[in-house]
Each structure stands twice: as C-alpha cells, then as structure tokens.
Amino acid sequence: MDLGLKGKHVFVAGASRGIGLAIAESFLQEGAVVSLTARGEASLAEAQQALSERFGPDRCFSMAGDMTRTEVIAQALDAAEAALGPIYCVVGNVGIDKTPHGWDIDDETFDIGFAQNCLASYRLAREAVRRALQRPKAEREGFNVLFISSSAGVEALKTPLTYGSSKATLNHLTRELARHLGGEGIRVNAVCPAMTVFPGGGWAERLAGPDRDHWIAYNQRETALQRFGTPEEAANVAVFLASPRASIVTSSVVIADAGQLK
C-alpha cells in the first residue's frame, strides 16, 4: 500500500535509537524526508550517517539538543524547515524516566520525569503547530501531530509514578489538542507501544540481567500475545497514523501493546 508520504517532511524527536529511529527509518522507506533530534550528539550522528548511507544525505537532517527546552525545540524546527522544507508531521517521542519506584518523590525528580514524558512532547507540538498555522491552510494540508505514549497512561501498571501519570496526561492532551485544532484541519493522535526491546533500552537491560526469567514470565503473564514488541512494529502503526491514508483519524490513542492485560 502506498501511504502517500513521498517527499513529505517528518520531524522525529528521540530518533537516535529504538522506536524513534525505527519510525524515522519507516518514513524514509515510504519516500519521506526526515529530521532527527535527540539529546546524545554522538548517537544521533551515528543514526543520521546510517540512514543517509541507505536513503541519501539529501533526505536526512539532524540536530542534537535537549528537547524539553522550548528554545532548543524552536531552533531545531527552524533549522529542519530551512534544510528540508515545511514540516508535514511532528512526532513527539521524547521521554526517559529515571524516577525510582514508590510514592515519595521529591519535587525536582518529579518535575524532571513529568517534563521528559509529557511537557516536552507538548512543547514540540505547540511550536510545530505555531509554524504550520503561519502557512495558508491549503499549503499545510495533512499536517499532523503524533505522540508516542504508553499503556501505563491507560491503566495503573505500578510503573514509576511520574511515568504513568505523565503518559496519562499525554493521552488526554492528545484528545484535547485534537478538539482545539480540528477546525484548522490538524490531526493529533498517539500510539501506546508494547514492552519494546531494543539495544540500550530498559527492556533489553532487564532481559540481559539476572532477573531475565522473571521479566519473561511477567511479559507472558501480562500480555495477550505473550511476547515483547519490536521498534518496527510500533513504527508501522505510527507511520500509518501520520499518513494521508489515516486522514479521518484524530483524537485517537491507539493501543499497540500486544494486549497488555493490566
């Protein structure tokens, strides 16, 4: 199926590894041009180099920076549009949470966790929408926002307190933004991926540790499909939602989590 993404500019935050990198690769496979951002300069440069070798350097742009900061987001968006043209879709895949388990979280740790997993994505969406609305409506046709969220924001899974709470806010934010922006023809959706294994990710670390058997049993017990997900599976859903093929879909929080039961 041709998703109608050829030549369209997609901005992917958190694109140096895992789900974000798989999303960037999938868009490139569909003929899009892609801007990548991430905090780690070295890993981002490595990702861009690999994608440029496969798809051509003229189809990739990257800029490293802290995407929780509005001024960095604005700089990255402006630089991306200067390099590859107006943005068609912005993917908020910003989030990492080092908050310890438990209920007693100090203010600084809570604020950092919430900013990483919710506020950064909102700020990215806000700055991208501001730029899109400066263009005539006909020129921004199809522009949309996609958040990468989590089932921890749908059900209480006893994840770190800031993680589940911030993802629940992000899920609600998806629906609220869709209502606010629908009149402008702007779609807003979110994807909640499965427990996803990729190098350097949390699940890969758990499965490489002494409690590997525990986590495998946990996954089999807690998911209908009894398996972990891959970044490519999350990317398949994300790319479809962002494409013109999903032009009627907005305000949706799409659960793609292998049927996580609780």
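**An aromatic cluster**

Modeller: One aromatic cluster is formed by Trp203, Trp215, Tyr218 and Phe228. The model is predicted: local features need pLDDT of at least 70, side-chain atom pairs count only at pLDDT 80 or more, and totals for chains, interfaces and linings use all residues. Numbering runs from 1 along each chain as its sequence is written, and side-chain values use heavy atoms, without hydrogens and water.

Colleague: How many aromatic pairs does the structure hold?

Modeller: Five. Rings of Phe, Tyr and Trp (its six-membered ring) pair if their centres lie within 6.5 Å; planes under 30 degrees apart are stacked, over 60 edge-to-face, the rest tilted.

Colleague: Why is the pair of Trp203 and Tyr218 called stacked?

Modeller: The centres are 6.4 Å apart and the planes lie at 15°, so the pair is stacked. Trp203 is in helix 6 (residues 202-207) and Tyr218 in helix 7 (residues 212-222), 15 residues apart. Helices here are DSSP runs (H or I, at least four residues), numbered from the N terminus.

Colleague: What makes the pair of Trp203 and Phe228 tilted?

Modeller: The planes are at 55° and the centres 5.4 Å apart, so the label is tilted.

Colleague: Where does the charged end of Arg206 sit?

Modeller: Over the ring of Trp203, 4.4 Å from its centre. The Arg206 charge also sits over the Trp215 ring, at 5.6 Å from the centre. The term requires NZ of Lys or CZ of Arg within 6 Å of the ring centre and within 35 degrees of the ring normal.

How values were computed:
Helix = DSSP H or I, 4+ residues; strand = E, 2+ residues; numbered from the N terminus.
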